[in-house]
Amino acid sequence: MGKAKRYTTAYQTNRIKKTMNKIKILILLFLGISTFTYAQNCNCESNFQWVKKTFEENDAGFQYVIDKKGLSAYNAHNTEFLNKIRNVKSDVECTQTIYQWLKFFRSGHIAISPYQTQNTSQTNNNSKLKDSKPWESVKVDFKKFEKYINSKKEADIEGIWETSSYVIAVKKFDNVYKGFIVSAKGLENWKPNDLKFQIGADKKSGTYYLRNKNSQEVKNVELIGKNYLVIDEFTLKRVSPKFENDKAIDTYFKSVATQKPFLEEINNSTLLLRIPTFDGSEKKYIDSVLDANKQKIESKENLIIDLRNNGGGSDNSYSRLIPYIYTNPIRTVRTQMYSTELNNKRMLDLYENYEKYGISKEDREFLKKAYDKLNANLGKFVTIQGNDDGQIISEEKLDKVLPYPKNIGIIINNNNGSTTEQFLLAAKQSKKVKLFGTTTMGVLDISNMNFVDSPCKEFQLGYSLSKSLRIPDMAIDEKGIQPDYYIDKSIPEYKWVDFVNGILNEK
């Protein structure tokens with residue numbers, strides 16, 4: 001029996017399971033084309049009615065939620081939101097309200113995605129501020145300031161800092177710290193000495209100005225170690241004065257910022273593998289890191305896999321990790337696809353345009369069989385893997401158990417969902433593995449998203465095509481996967497790796 005395998009495109013992860021001698025799971029996202037016809041009177045109410053009809057007739061989780069919550073609760077929900085819809089004041093408010101309507105069903109694997117016009121871009125968002133109001137300029141003799149900060153012996157938030165787009169100087173003036181521009185890369189609306197943010201003397205509140213110079217209230221300011229300043233979701237790294245680096249803190253911020261996987265040695269017995277996403281496009285990079293460090297991984301006693309904020313992607317992206325975590329057969333509960341004319345068009349499109357989606361010829365033949373099977377069972381839930389063997393699970397068996405690594409700690413948090421949760425369900429079956437962190441997002445039971453255009457192409461509706469046979473005995477949605485070792489709030493996130501390392505190396 002084979003292992004899970006998913007393929008993704010740029011929008012989101014979706015899953016289709018298959019078997020051709022060996023079971024494979026294909027996760028595919030398709031930008032569907034709605035067969036519904038509506039008069040081109042696309043006000044908010046008509047868009048809402050289209051979303052409601054499309055979702056009711058095609059979403060794999062619709063009836064499951066109605067059975068749980070009751071039809072009367074759904075009717076009351078519809079009445080409440082129809083009143084809201086009739087009173088919206090803008091297109092943005094409309095799509096936000098429709099999205100809130102969808103959340104009656106679940107928190108994940110749903111979407112209302114507004115179209116982005118060609119003229120809407122980050123460049124436009126960063127356009128020059130109108131000249132109607134001069135921007136505050138911080139008057140500083142910069143050479144004297146540099147001399148002053150380079151004489152400082154203790155680290156505080158005064159200094160020169162950098163982000164990917166800015167170099168910012170921070171200086172205290174009476175009871176306020178002011179951050180001002182030293183340089184800005186490609187941002188014409190920001191000039192040297194422009195005020196970027198100001199923070200109160202208590203270092204707990206203030207105002208931060210975004211790229212387009214709109215203001216944002218500062219709610220959290222934290223100096224982490226000596227060289228990182230975190231202002232809400234923004235992280236600044238110190239340029240000067242120079243202070244000794246803390247390797248653990250450097251690694252943490254490298255992990256937060258990276259878009260690519262990497263591996264580092266923590267000590268003589270432990271390696272850290274950071275994987276920020278399982279997106280299908282990242283598989284080659286994950287595999288490359290594993291190939292380049294094969295000898296190291298297979299000779300170290302401990303492996304820490306940091307998956308924080310990894311929201312999912314493709315099952316195929318984690319396939320090369322399975323031999324390292326494997327100790328016994330891995331059982332995977334199958335899913336069923338909900339068959340409708342609209343849903344099944346996705347499968348046909350995948351078959352006809354398989355090269356466009358990066359699908360092999362071998363897998364293409366499965367897609368045609370799956371389409372025929374779904375079309376023959378309209379209105380039903382259909383298991384498209386297993387050659388009609390009637391089994392609800394597939395089982396993956398490997399030929400051997402690797403002696404190293406002996407212990408594997410996987411770091412998780414509440415931003416882990418979808419494919420990442422699927423990986424964790426497999427990993428939890430290993431005798432080598434323990435999970436560390438907090439409960440995951442809980443978006444896996446109803447999955448395999450499809451996207452369809454609204455009648456006037458103002459937005460796309462994202463809904464789900466499949467339902468796991470784990471329901472209701474082992475539901476993950478709205479519950480998540482719990483860690484074996486809960487990391488509480490007394491341990492800051494930059495110390496999580498140290499915490500896991502300490503437990504794995506405890507003798």
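Author: Let's start with Gly312, which sits in the loop between strand β16 (302-306) and helix α10. Those labels come from DSSP runs, numbered from the N terminus: helices are H or I runs of at least four residues, and strands are E runs of at least two. Before we go on, keep in mind that this is a predicted model, where local features need pLDDT of at least 70, side-chain atom pairs count only at pLDDT 80 or more, and totals for chains, interfaces and linings use all residues. Residues are numbered from 1 along each chain as its sequence is written, and side-chain values use heavy atoms, with hydrogens and water left out.

So what's going on at Gly312? It is buried, because its relative accessible area is 9%. Here buried means under 20% relative accessible area, exposed means over 50%, and partly exposed is in between (1.4 Å probe, protein chains only).

Zoom out for a second. The protein has 14 helices and 25 strands, and buried residues make up 51% of its 507 residues. Contact means heavy atoms within 4.5 Å. Of the contacts with a separation of 6 or more, 67% join residues 24 or more positions apart.

Leu229 gives you another example of that, this time in strand β12 (residues 228-231). With a relative accessible area of 0%, Leu229 is buried. Leu229 and Trp161 are 68 residues apart in sequence, but their C-alpha atoms are 8.2 Å apart in space. Leaving out residues up to four places away in sequence, Leu229 touches Ile157, Trp161, Val221, Glu222, Phe234, Thr235 and Leu236.

Back to loops, then. Phe105 lies in the one between α4 and β4 (111-114), and it counts as buried because its relative accessibility is 6%. Setting aside residues up to four places away, Phe105 touches Phe55, Phe62, Val65, Ile66 and Tyr74.

Helix α1 (residues 44-58) has 15 residues and reaches 21 Å from its first C-alpha to its last, close to the 21 Å expected at 1.5 Å a residue; the expected span is 1.5 Å times one less than the number of residues. At the start of α1, a side-chain oxygen of Asn43 comes within 3.2 Å of the backbone nitrogen of Glu45.

Tyr74 belongs to α3, where Tyr74, His77, Asn78, Phe81, Lys84 and Ile85 meet Cys94, Thr97, Ile98, Gln100 and Trp101 in α4. The axes of α3 (residues 71-85) and α4 (residues 91-102) come within 10 Å and cross at roughly 175°, which means that α3 is roughly antiparallel to α4. An axis is a line fitted to C-alpha atoms, for helices over the stretch in contact, and the angle runs from 0 to 180 degrees between N-to-C directions. Angles over 145 degrees count as roughly antiparallel, under 35 as roughly parallel, 65 to 115 as roughly perpendicular, and the rest as oblique.

Most residues other than glycine have a negative phi, and most peptide bonds are trans. Lys213, in the loop between β9 (206-209) and β10 (215-218), has a phi near 75°, a positive value in a residue that isn't glycine. Lys213 counts as buried at 9% relative accessibility. Glu478 also has a positive phi, about 65°, but it is partly exposed, with a relative accessible area of 47%.

As for peptide bonds, the one from Ser240 to Pro241 is cis, with omega near 0°, and Pro241 lies in the loop between β13 (234-240) and α7 (247-257). A cis bond also joins Tyr404 and Pro405; you'll find Pro405 in the loop between β20 (393-396) and β21.

How values were computed
Polar contact = N/O pair within 3.5 Å; in protein donor to acceptor, adjacent residues only side chain to side chain.
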